[in-house]
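The following questions and answers examine selected geometric features of one protein model. Please consult the sequence and coordinates alongside the text.

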Amino acid sequence: MNIPFLELSRISPELKKRLERKFSELLNQGVFSGGKEVERFESQLQDLLGTRFAIPCANGTDALELALRALGVGPGDEVVVPAMTWVSTAEAVVWVGAKPVFWDTDEQGLLRSDWEKAVTERTKAVIPVHLYGKMQQMNELIQKANTYRLFVIEDAAQAFGAHQQRKAAGTWADVGCLSFYPTKNLGALGEAGMCLTQDERLARKIRLLSTHGQPIRDQHELIGRNSRIDTLQAGFLVEMLAEFEANQNIRKRIAQDYIQGLTGIPELILPEGMLEEDHNAHLFVVRTEKRDELQDFLAKNGIGTAIHYPQIIPSMKPFRIEGDFVNAQLLADQSLSLPLNPYLSQEESEYIVKKVRQFFG
Ligand SMILES: Cc1ncc(COP(=O)(O)O)c(C=O)c1O
């Protein structure tokens, strides 16, 4: 068997055809920036996620930066960021001139619930990250943020389609940020991202920031930048959306098979809450002290895996700082992501379970 961790060329022949058709359509129309396709993508996401405003942009990292700028976070401000996340969460804070203050996660990779101990008089915002697709408890976090008068920016880049109390990931905070990076649950054929907000003033500001400060062409209200989504990507994403729900069902089924097949191995810790609605089954992350050996063994048996992520942000060279990041470090040292995607066959997922069990004897 040869099972890649994720092979995007495995998308269904029907979807491939629809994407090719969309490309030809837009090529013939000659529309590559803005236009109806972008508007359609926006309104479909508004409906799907139940958000008042959905502002597409170039990628998820930009979405975070636009959110911070729109909220006025900048030099002299501090922002609480989990120690274990994709580097973008911290990068965006630095790019707006603020300081990321790292806090440990719990063993699932979510911002540890005592994060208020990181708050100082300079703290302006907190960025919970729904890591691996599991949502932070948002009611609790927002209540605490309100107590300290902090903005909340929800990094929902990995949690598209997850819901808590029927409210979609990304729609809880002042601004929610999404990524449509190709490997995500809803992935483009390139780069794309989005800001969600329920506040009209913020929505307008984010839109202005993302398009040179222009409410209309050649009128510049503020210093913005170019972070627009490509029309092609918006068009592709509309096509991808048609398969989203079916793909999510497959992801959940595989997660369920893994949980059933891998429960009861004392040396293997399984992810929690994967079948609940506030997890979108983006990544299936197991933990074991024998992580590296397991990864080698699976590779020798033709199974691709990944590590999300091998280094905590505070130990990366550009961010280096000491602190108590025990759980985040545990994840960096012991976590391993098994293949989990809609292109995985039942035979393949059964083989993966068999090989993991075989490794642990
Ligand atoms: C948690 C998290 N935040 C932010 C991002 C940034 O998204 P993008 O790669 O679209 O810039 C990603 C995705 O890579 C992510 O996983």
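**Helix packing, cysteines and backbone geometry**

In this predicted model, helix H1 passes helix H7 in a right-handed crossing.

Q: At what angle do the axes of helix H1 and helix H7 cross, and are the helices roughly parallel or roughly antiparallel?
A: The axes of H1 (residues 13-29) and H7 (residues 231-262) come within 10 Å and cross at roughly 150 degrees. Angles over 145 degrees count as roughly antiparallel. The two helices are therefore roughly antiparallel to each other.

Q: Which residues of H1 meet H7, and how many nonpolar, polar and charged residues does the contact have?
A: From H1, the residues that meet H7 are Leu-15, Arg-18, Leu-19, Lys-22, Phe-23 and Leu-26. Their partners in H7 include Leu-232, Phe-236, Glu-239, Met-240 and Glu-243. By class, the contact of H1 with H7 has eight nonpolar, two polar and four charged residues.

Q: Are Cys-177 and Cys-195 buried or exposed?
A: A residue counts as buried under 20% relative accessible area. Cys-177 has a relative accessible area of 1%, and Cys-195 has 0%. Cys-177 is therefore buried, and Cys-195 is also buried.

Q: Which peptide bond is cis with omega near 5 degrees, and where is Tyr-309 placed?
A: In general, most peptide bonds are trans. The bond from His-308 to Tyr-309 is cis, with omega near 5 degrees. Tyr-309 is placed in the loop between helix H8 (291-300) and helix H9 (326-334).

Q: What is the phi of Arg-166, and is this residue buried or exposed?
A: Arg-166 lies in the loop between strand S6 (163-164) and strand S7 (167-168). Although Arg-166 is not a glycine, its phi is positive, at about 65 degrees. With a relative accessibility of 75%, Arg-166 counts as exposed.

Q: What is the phi of Ala-281, and is this residue buried or exposed?
A: Ala-281 is in the loop between H7 and strand S10 (284-287). Its phi is positive, about 55 degrees, although Ala-281 is not a glycine. The relative accessible area of Ala-281 is 0%, so the residue is buried.

Technical notes:
Residues are numbered from 1 along each chain as its sequence is written. This is a predicted model: local features need pLDDT of at least 70, side-chain atom pairs count only at pLDDT 80 or more; totals for chains, interfaces and linings use all residues. Side-chain values use heavy atoms; hydrogens and water are left out. Buried means under 20% relative accessible area, exposed over 50%, partly exposed in between (1.4 Å probe, protein chains only). Axes are lines fitted to C-alpha atoms, for helices over the stretch in contact, and angles run from 0 to 180 degrees between N-to-C directions. Helices (H or I, at least four residues) and strands (E, at least two) are DSSP runs, numbered from the N terminus. Angles under 35 degrees count as roughly parallel, over 145 as roughly antiparallel, 65 to 115 as roughly perpendicular and the rest as oblique. A crossing is left-handed if the near helix is turned anticlockwise from the far one by less than a right angle, and right-handed if clockwise. Contact means heavy atoms within 4.5 Å. Ala, Val, Leu, Ile, Met, Phe, Trp, Tyr, Cys and Pro count as nonpolar, Asp, Glu, Lys and Arg as charged, and the others, Gly among them, as polar.
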